[in-house]
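Please read this briefing alongside the sequence and the coordinates. The points below are grouped by topic.

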Amino acid sequence: MTVLNAPLARRLRLGLLLSWPMLVLLGLGAMPFILLLRISVAPRDPNGMWLPGVTLHAYGALGEPDLLGALSDSVEMAIIVGAISVGLGFPLTWLITRMRRRLQVVWLVFLLATLSLSDVLIAFSWQVMLSKRIGLSNIFVALGLMDAPESLTPSTGAVIACLVYLVLPFTVLTLFPVLSRLNYDLVEAARTLGASPFRAFTSVVVPMIKGPTMIAFVIAMVLTVGTYVPPLVLGRPQHWPMAVLIGSTALAGHDLPRASAMSFLLLAATVLLALGAAQAARARKS
Amino acid sequence: MKAAGKFLFLAMLGLFLAAPLVVVTGVSFNGTQRMSFPPEKASLIWYDAFFGDPAWMSALSLSLIVASLAALASVSVAFPIAYAIWKYQSRTALFLESIARVSFLLPSIVLSIVYLVFWSWLGHVGRIEDTVLSHAVVFVALPLATIGLGFRSVDLSLVEAARTMGAREGDVLRTIVRPIVMPYVVSGLVFVFILSLNEYIIAYMVAGFEVETLPIKVFNNLRMGFQPTMCVGAVLFMLLGVFAFSVVALIGDLPKLLGGIARQREGA
């Protein structure tokens, strides 16, 4: 009797334990995506949300040149910001993991604080910093790099600088676990066996860090693709990426089916970017 | 030479990360309406203006309420999942964990459209609970990670020893598991609280007109031109972040929490 009931009791207890998380995550985590898919094929309701029925109109409109241009701007931006963030974040993380523990904690608190700071506040800070009155341009003038102070926004450079600022802490925190647990005995062993420092690095360290570095790169790209505020505040309107267009389609255009379809297009591009990066990581191995 | 290079690299990146924060803090202390740095006639008038303005105060208190509730809701979802994974190796719990991870990793603009559509479909628009629940779900991956780490750092031989000495399941949970896991629960709360406090686009899409949190108010003001009070808001949130994560570092082991190596015991 008890033998039979033990699994049942376990199930019951688990079911009870997980009922609330299940309700929330299925109801509010998974279901909204199915709804998004449904709405993306619904006809638009000009004075409301959407109408019943099915149409592929929103998907048909995805081929417009403006949209494709914005998509390619998004992808280009993602690759540039991802590359810079990993290029700076990797050595930074490396140096942080080699610091004394106290100093490590100070850097981590600092990085977490900037990571969590709202992208609105960061974009605003960059706007102030790049303005004509205060900005960096005055320093450039003092250094003789520029003739007269001028506003450095809107520009693509400003957007990239702000996005790197936003993404860099995430890159460091993604690489931190791997680099702080890296086993140096293996490097020592390779050196003892006569490998040069460079060879020890490429043959021992690189295989261990390649996967996580690629993950950090992908996370940086996904974060970049999703940002709405920095390109809107700091960028030129003709280079507004998909995220900004999706936002304005939903808010100013009141066209939720179209915004939903555009979201799926952006999601598809993001997944392709991630898969491409994974493929590249694998290809270099062989 | 090598050490100098390292130092220079760290100093440059530190400067890059600190510069916008320093400039905004400086501007917030201006004594005039103009935006200048270093501040002209340093004063606290904009702090007075900020704390004396009911609109800013309501945005601030709304932000704090949303963030606190989102943190509690998020942990209430994460804790049972982490416990079920640790205690029962439940596959359902692992599946729920993967949903949580995916929601965290999606581009935020897509998530904001998802929730805009979802709450409109429910016919439940512009309420504070929309913002709270959306944030709770989007950020649930964080407390899941920290609390999971907490359960995994419970030494099973301690549990075994307690059982041998006759402790019941409840005793084990109360005397051994709870004190170890508690700091990780608090860290999870702090992470969601701070991220929700600062989150803009989802909060804006879901209920931006009715539930105007501080980032939304800053953004709305940004469109109307520069105001020094906005800098005060930014400084406040910066300080909150530094304070919150310093607390996490004090009550727990921050490098370990972020996946690094655990602190060495004193004298070990």
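In this predicted model, helix H3 (residues 65-97) of chain A packs against helix H1 (residues 2-28) of chain B at an angle of about 115 degrees, and their axes are 11 Å apart. Axes are lines fitted to C-alpha atoms, for helices over the stretch in contact, and angles run from 0 to 180 degrees between N-to-C directions. Helices (H or I, at least four residues) and strands (E, at least two) are DSSP runs, numbered from the N terminus.

Because the model is predicted, local features need pLDDT of at least 70 and side-chain atom pairs count only at pLDDT 80 or more, while totals for chains, interfaces and linings use all residues. Residues are numbered from 1 along each chain as its sequence is written, and chains are lettered from A and ligands numbered from 1 in the order in which they are written.

**Contact between the chains**

- The crossing of H3(A) and H1(B) is left-handed, a term used if the near helix is turned anticlockwise from the far one by less than a right angle, with clockwise giving right-handed.
- H3(A) contributes Leu88(A), Pro91(A), Leu92(A) and Leu95(A) to this contact, and H1(B) contributes Lys6(B), Phe9(B), Leu10(B) and Leu13(B); two residues are in contact if their C-beta atoms, placed from the backbone, lie within 7 Å.
- Seven nonpolar residues, no polar and one charged make up the contact of H3(A) with H1(B).
- In that division Ala, Val, Leu, Ile, Met, Phe, Trp, Tyr, Cys and Pro count as nonpolar, Asp, Glu, Lys and Arg as charged, and the others, Gly among them, as polar.
- Between the two chains, 69 residues of chain B are in contact with 68 residues of chain A.
- The side of chain B that touches chain A has 55 nonpolar, twelve polar and two charged residues.

**Chain B overall**

- Chain B has 13 helices and zero strands.
- Its C-alpha atoms fill a box of roughly 70 × 65 × 35 Å, taken along the principal axes.
- Of the 268 residues in chain B, 46% are buried; a residue is buried if 20 or more other C-beta atoms lie within 10 Å of its own, exposed if 12 or fewer, and partly exposed in between, with C-beta atoms placed from the backbone.
- Among contacts in chain B between residues at least 6 apart in sequence, 72% join residues at least 24 apart.

**Domains of chain B**

- The domain assignment gives domain 1 (19-50 + 235-268) and domain 2 (53-225); such bounds come from an automatic or database domain assignment.
- The C-alpha centres of domain 1 and domain 2 of chain B lie 23 Å apart.
- Eleven residues from domain 1 of chain B and 13 residues from domain 2 of chain B form the contact.
- On the side of domain 1 of chain B that touches domain 2, helix H2 (45-52) and helix H12 (228-251) each supply at least two residues.
- H12(B) gives the most to that side, with seven residues.
- The residues on that side divide into nine nonpolar, two polar and no charged.

- Helix H5 (residues 108-121) of chain B has 14 residues and reaches 20 Å from its first C-alpha to its last, close to the 20 Å expected at 1.5 Å a residue; the expected span is 1.5 Å times one less than the number of residues.
- Twelve of the 14 residues of H5(B) are buried, so H5(B) is largely enclosed by the rest of the structure.
- Among the buried residues of H5(B) are Tyr115(B), Leu116(B) and Trp119(B).
- Those residues, together with Asp130(B), Thr131(B) and Ser134(B), are touched by Val206(B), not counting residues up to four places away in sequence.
- Val206(B) lies in helix H10 (residues 201-207) of chain B and counts as buried because it has 27 C-beta neighbours inside 10 Å.
- Just after H5(B), Gly123(B) takes a positive phi of about 70 degrees.

- Ser85(A) is in helix H3 of chain A and counts as buried because it has 29 C-beta neighbours inside 10 Å.
- The C-alpha atoms of Ser85(A) and Met221(A) are separated by 9.6 Å, with the two residues 136 apart along the chain.
- Helix H4 (residues 101-116) of chain A has 16 residues and reaches 22 Å from its first C-alpha to its last, close to the 22 Å expected.
- The buried residues of H4(A) include Trp107(A), Leu108(A) and Thr114(A).
- Cover for the buried residues of H4(A) includes H3 of chain A and H1 of chain B.
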